[in-house]
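Here's a quick briefing to read with the model open beside you. Have a look at the charges first, then at a few individual side chains.

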Amino acid sequence: MLQKLIKYCTAVFLLLFVWSRSYGQDSSRLIALQQDKQMEEKYLNMVDSKTQTFNKSVEKYTTATLGQLMNQEKKMQSKVAKADSASAKKLFSYAIDSLKKFQNAFTNRATKISAAANKYLSGGYIPYLDTLKGSLAFLNKTGNAVGSLSTMQNRLQSSQQSIAALETKLALVEKFNQYLRQRQLVLQGQISRFPFLSKNLQNLKKQAYYYKAQINQYKSMLQDPRKIEQLTIATLEKTSMFKTFMQKNSELSKIFGSALPSANPGNDSALFRGIPSRAAIQKLIQGKIGGASGGNPGALMQQQIGKAQTYLDQLKNKIDQLSGGVSGSAQGFTPNSQKTQSFTKRLEFGANIQFENSNYILPAACDLALQIGYKLNDKASLGLGASYKLGIGNGWNNIQFSSQGEGLRSYLKWKMKGNFDLQGGAEWNYVNQINNIRQLEVFSAWQKSALLGISKNYKISKKLNGDMQFLYDFLWREHKPNTQPIVFRVGYHF
């Protein structure tokens, strides 16, 4: 009996010892994090910067889109009024009023969305945003407990308010997207009466598509993690207190309930990042519908999914009929993914090199050029460049470097099939020796070229691409001294 009592006491002591060490490690990590004011302040600055940038970008882009839509609605109203004034008032007065309300909501920073609206108009579950909210709420809750955050409470609350404003913007965006979808269906139903609205409807579809694509681009930029962010979250993830807090308070836990955290205790980080394991989902399904399915929840799920798929197919067919049979996100037009990119991301930089044989006047030369292009769309790009002509002598036995001129270039590329591009451009080269800068002002002294041909693209590395250009110069006969009609260049771009 005494031996059993000793064994029991020993086991209890070991459990208490392990728990105290774990709790002590958690507390020490939190205290170290929260006492590191510089690290925590950088984290809060990052949160504020990213959320404010997102809110301003969404507000600016949405306001511009709303202005364009209101102008278009007014033009359509004017057209329809000439045929039927009563229908014009009925069709467009409400739409214009709705757009004005959206404009006021997006520009009014005090706008609030009800809890019910936020639940259904949140733009979908965003793991990053869930983590951001959870980390701030956790730090705010535990700050006073460790006695180190009395001076940071206001900052934390301010950051939480920025997150709340971001959620409001996302809810408004989703509501606006719903309005655009409904407006398309309304106008589509009026095409039979007013066929001249078909072009306006197509413009509305494009605007709705690009608006949603641009907002998704802003979301991807928001979810791009920074170094200080990764370090702070990694520190919090090491504590069981934070994991428990997230399992009880995250948006994911509200979706899956209390069954989710205990379903996969060995992989809490997966839950924290918003990616529940397959075992957790199966256990949740087994607990919820296992009894009703007679021990075979998989069969019941397959049956319900089949019914849901049939219903969705029927609903899709109805929507396609209302929208003129157009399906897909592009809705009858080819989207340009470059429209949602920032100006800097649409730029492409490159360089190329070209060799020329020597003649009775000039030595052999090497043209070195740098260029910068702008992507007009997914297929076309337009660019400018500058070149320097380096003389390299008259043979291997007579290599001598000299300056032989400068040049200005322009080009237009159009993507063809495979890795081939159609390329053309105009160039001006100054091939005389420059003794005075005013010589360059004499336009007739510049040698002109009109080029057209193809280029073959190939990949060199993940970030560097190469191309080979075969171009025909339509003005080669006018050059003095004479040049070759075919121009071959090797280029690099990234």
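Helix 2, spanning residues 37-83, gives the most to the positive patch, putting in 3 residues. This is a predicted model, so keep that in mind as you go through the points below. The patch sits on the surface, where K75, K79, K82 and K199 gather.

- K82, one of the lysines in the surface patch, lies in helix 2.
- T62 comes out as buried, because its relative accessibility is 0% and the cut-off is under 20%.
- Setting aside residues up to four places away in sequence, T62 touches F106, F176 and Y211.

- How many salt bridges does the structure hold? The count is 9.
- One of the salt bridges joins the side chains of D97 and K101, at 3.6 Å from N to O.
- Where do these two partners sit relative to each other? Both are in helix 3 (residues 85-107), 4 residues apart, so about one helical turn separates D97 from K101.
- D97 is partly exposed, because its relative accessibility of 35% falls between the 20% and 50% cut-offs.
- K101 counts as exposed, with a relative accessible area of 54%.

- D367 and R409 form a salt bridge, and their closest N and O atoms are 4.0 Å apart.
- D367 is in strand 2 (residues 364-375) and R409 is in strand 4 (residues 402-415), so this pair ties together parts that are 42 residues apart in sequence.
- Both D367 and R409 are buried.
- R409 has a relative accessible area of 7%, so R409 falls under the 20% cut-off for buried.
- R409 also forms a salt bridge with E427, where the closest N and O atoms are 3.7 Å apart.
- This second pair links distant parts of the chain too, with E427 in strand 5 (residues 420-430) and R409 in strand 4, 18 residues apart.
- Which residues are linked in a network of salt bridges? They are E356, D367, K389, R409, E427 and R489, so the network takes in D367 and E427, the two partners that tie R409 in strand 4 to strand 2 and to strand 5.

**A tryptophan in a loop**

- W476 lies in the loop between strand 7 (465-473) and strand 8 (486-493).
- Leaving out neighbours within four places in sequence, W476 is in contact with T483, Q484 and P485.
- W476 and K448 are 28 residues apart along the chain, and 8.6 Å separates their C-alpha atoms.

Technical notes
Residues numbered from 1 in each chain as written. Predicted model: local features only at pLDDT ≥ 70, side-chain atom pairs only at ≥ 80, totals over all residues. Heavy atoms only, no water. Patch = residues over 30% accessible without salt bridge, like charges linked within 9 Å, V, L, I, M, F, W, Y side chains within 5 Å. Areas by Shrake-Rupley, 256 points an atom, 1.4 Å probe, with all protein chains shown as cover. Lys, Arg positive; Asp, Glu negative; His and termini not counted. Charge placed at Lys NZ, Arg CZ, Asp CG, Glu CD. Helix = DSSP H or I, 4+ residues; strand = E, 2+ residues; numbered from the N terminus. Buried < 20%, exposed > 50% of the residue type's maximum accessible area, 1.4 Å probe, protein only. Contact = heavy atoms within 4.5 Å.
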